[in-house]
Structures are given as C-alpha cells and as structure tokens.
Amino acid sequence: MLQTIRILTVDDSASMRALLRHALADPGFDVVQAEDGVAALEWLAGNEVDVVITDINMPRLDGFGLIERLRGGSRHRDRPILVLTTESSDEKKARARAAGATGWIVKPFDPEKLIAAVRRVAH
Amino acid sequence: MLTSHLSPETGMQRITVLQGQAHVSGAAGDELTTILGSCVASCLFDPAAKVGGMNHFLLPEPPHSHDPAEVDVHYGVYLMEILINDMLRRGARKAQLRAHLYGGANLHVGMPPIGSANAAFAKSFLERERIPLLREDLGGAHARRIEFRPATGQVRCRAVENRLAQEAPPAPRPAHGGGDVELF
C-alpha cells in the first residue's frame, strides 16, 4: 500500500489556505497548514513532511526566510519546497531558486497543475 | 493604465480605478474614484499607517462551471491578495486593515445575478480574513459612484444613472502565468 503524501502549506491568507486544503485533500493528500514561516518551523520541529508549499509575502517570517531556514538546517534540508505566489518578477523567482526552492507556481493556481507538481517532486 | 486629474473643486488628485485594476496610495491629496454597476469595489485602509487601496472587479464564472451565478473564487482571492500585498509593501499591517464594500448591483432584470455573486464573494473573503467590514452598500439595481480617500479611509458613495456604468464582460484569468509550474 502506498504511503500518503503529507503536504505542509504555508500561507497567511485564510482564503488561500481553504482553497489549498480543498484542492489537495480531495485527491487524498494529507494536508497540514501553517499561517506563516514561524508557525511552519514550529510544526516542522516535531513533525515530518514530504512536500512544503509556501507563499512569499507573509508576516513574521516570509517564504524566502522559511526556505533559507529549512535548507540551512539538517532535518528538512532535502525536502521539496514549492513556492506559490502572486509575485511574477524574475528577480524574486531567482532569489527563491538561489535560496533552494524546488519550484515556482504563480497564483491563481490550477488545482490539476498543482497536484501534478506535488506528485512529481514528492517522488 | 490608470488615469488621473486634478479636481478644481477639491484640489484632490482624482485617480480613476477601472474594472480589473487596483490602486494603493498613502498620499493625503489622492482620491480614488470609480463607477460601479454589477462590479464590486473593495476599499481597504489601515488607519494607523494611513495607507489605503481600492480594487474594482467582476469575477468570471469558474472554469468547468455550469452555473452562471457562480464566480471564480480562485481568481477573486488572487485579486484581493494583489491589493493586500501592495498595501503591506507600503507599510500597512493586515491586522489593522479595515474595509468598505460597494457595488454588486443587478442592473438587468432576467439576467443571472452576477452582481450578487461578486458581492457575496467579497463579503465572505473579508470574513474569512477577519478584516472588519465597516460599511457596505451592495446589491440593488442601481449604479454607484465611489470616491475614496485612501490615506484617511473616507468614502462617499452616491447613486448615479445606470447608463454611466459601462458594463464590460468579466475579465478572464491571466492567459499566461496563472497556475503555471516551473520546476528548478
């Protein structure tokens, strides 16, 4: 039996979290949600995850900071991290890539494309 | 592209926000204005940071929907996030945001109530994001003119003749970029 893929979504918008939960839980993923980078790190300190999907613009700790912290640690340094953002600038995309992001997805997201991306990076 | 002109009556710089646009300002001399039929305008402001912004939208039906009274919530959340992120970049804080909502009329009898669906989306978004809605003037069958001073949050909403509201079809989602996945 295949193990369920566990996804952590990180976004400060409750509306976006609801859309993500709906899109990812329905096809059978195990979805955990955090409202910013700090909450994500707190949860990741005691839990395992297969894929992280994070927004960029968030209070307390933004998506860039979250990626840098995960890549700089030991426990989750190899986890796939997909950025899901309204940002479209090449400069920010390059910054996310340099920080260690696995992929870049522009909102509004297409559920089918998002699911395909998750399955591809989760291995 | 936004259009603006200096009002000789008030001395304010009047900036017109058309359907599909959003504008954010903290300038005390700016006034954002628009005319709404079935479209909805969200006027958000942070009274502490003295920054405000307005968007003006009419959401299309969601992809694969057969119900003409449904709206594309994915696209709506995206449009609201664009406005909020621009405000945050200019010093606003999400917890301090306050909102007014206007528009969402159903101008034509017998047509799908697309104005009501857009208004319902905007209200549910604010409720979910816990952004207090201080004032609303939504629904009905008449067009409205909105004048919003973003630095103070002051709004004037007046009924105007329906012929002044130029009803354009809902703007589609961006043709390129939305939802595209790039793996590094």
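**Entry 1**

I began with helix 1 of chain A and helix 2 of chain B, which are roughly perpendicular to each other. They pack at an angle of about 100 degrees, and angles of 65 to 115 degrees count as roughly perpendicular. I also noted the spacing of these two helices: their axes are 8 Å apart. I keep in mind that this is a predicted model.

Next I looked up who makes this contact. Helix 1 of chain A brings Ala14(A), Ser15(A) and Ala18(A). Helix 2 of chain B brings Phe125(B), Arg128(B) and Glu129(B). By class, the residues of this helix contact divide into 3 nonpolar, 1 polar and 2 charged.

**Entry 1. The whole contact between the chains**

How many residues does the contact take from chain A and from chain B? I read 24 residues from chain A and 21 residues from chain B. On the side of chain A that touches chain B, helix 1 (14-25), strand 5 (103-106) and helix 5 (111-122) of chain A each supply at least two residues. Helix 1 of chain A gives the largest share of that side, 5 residues. I sorted the side of chain A that touches chain B by class and got 13 nonpolar, 7 polar and 4 charged residues.

**Entry 2. Strand 5 of chain A**

I then followed strand 5 of chain A over to chain B. It pairs with strand 11 (residues 181-183) of chain B in the antiparallel sense, over 3 bridges. Gly103(A) has Leu183(B) as its bridge partner there.

Within chain A, strand 5 runs parallel to strand 4 (residues 81-85), and 4 bridges join them. Thr85(A) stands opposite Val106(A) of strand 5 of chain A.

Are the faces of strand 5 of chain A covered or open? I found both covered. Gly103(A) and Ile105(A) are buried on one side, Trp104(A) and Val106(A) on the other.

The peptide bond from Lys107(A) to Pro108(A) is cis, with omega near 0 degrees.

**Entry 3. Helix 2 of chain A**

Which residues of helix 2 (residues 37-44) of chain A are buried? I listed Gly37(A), Ala40(A) and Leu44(A). Seen down the axis of helix 2 of chain A, they fall within an arc of 60 degrees, so they line one face of the helix. The general rule is that an α-helix has 3.6 residues a turn, so residues three or four places apart point the same way. The buried residues of helix 2 of chain A pack against strand 1 (6-10), strand 2 (30-34) and helix 3 (63-72) of chain A.

**Entry 4. The sheet of chain B**

I turned to a sheet in chain B. It is open, with 5 strands in the order 3-6-5-7-8 and mixed pairing. Strand 3 (22-25) and strand 8 (133-138) of chain B are the edge strands, each pairing on one side only. On average, neighbouring strands of this sheet are turned by 10 degrees against each other, direction ignored.

Inside the sheet I checked strand 5 (residues 40-46) and strand 6 (residues 51-57) of chain B. They pair in the antiparallel sense over 7 bridges. Cys43(B) stands opposite Met54(B) of strand 6 of chain B.

Helix 1 (residues 73-89) of chain B packs on the sheet and touches strand 3, strand 5 and strand 6 of chain B. Its direction makes about 160 degrees with that of strand 6 of chain B. Helix 2 (residues 114-129) of chain B lies across strand 5, strand 7 (98-103) and strand 8 of chain B. It runs at about 175 degrees to strand 7 of chain B.

I looked up Arg60(A) in the loop between strand 3 (51-54) and helix 3 of chain A. Its phi is positive, about 65 degrees, although Arg60(A) is not a glycine. Arg60(A) counts as exposed because it has 12 C-beta neighbours inside 10 Å.

Arg130(B) lies in the loop between helix 2 and strand 8 of chain B. Its phi is also positive, near 60 degrees. Arg130(B) has 10 C-beta neighbours inside 10 Å, so it counts as exposed.

My last stop was Val109(B), in the loop between strand 7 and helix 2 of chain B. Is Val109(B) buried or exposed? It counts as exposed, because it has 6 C-beta neighbours inside 10 Å. Its C-alpha atom is separated by 8.7 Å from that of Ala141(B), 32 residues apart along the chain.

Key: Residues numbered from 1 in each chain as written. Chains lettered and ligands numbered in written order. Predicted model: local features only at pLDDT ≥ 70, side-chain atom pairs only at ≥ 80, totals over all residues. Contact = placed C-beta atoms within 7 Å. Nonpolar A, V, L, I, M, F, W, Y, C, P; charged D, E, K, R; others polar. Pairing = 2+ DSSP bridges. Axes fitted to C-alpha atoms, helices over the stretch in contact; angles between N-to-C directions. Parallel < 35°, antiparallel > 145°, perpendicular 65-115°, else oblique. Buried ≥ 20, exposed ≤ 12 C-beta atoms within 10 Å, placed from the backbone. Arc of directions from axis to C-beta.
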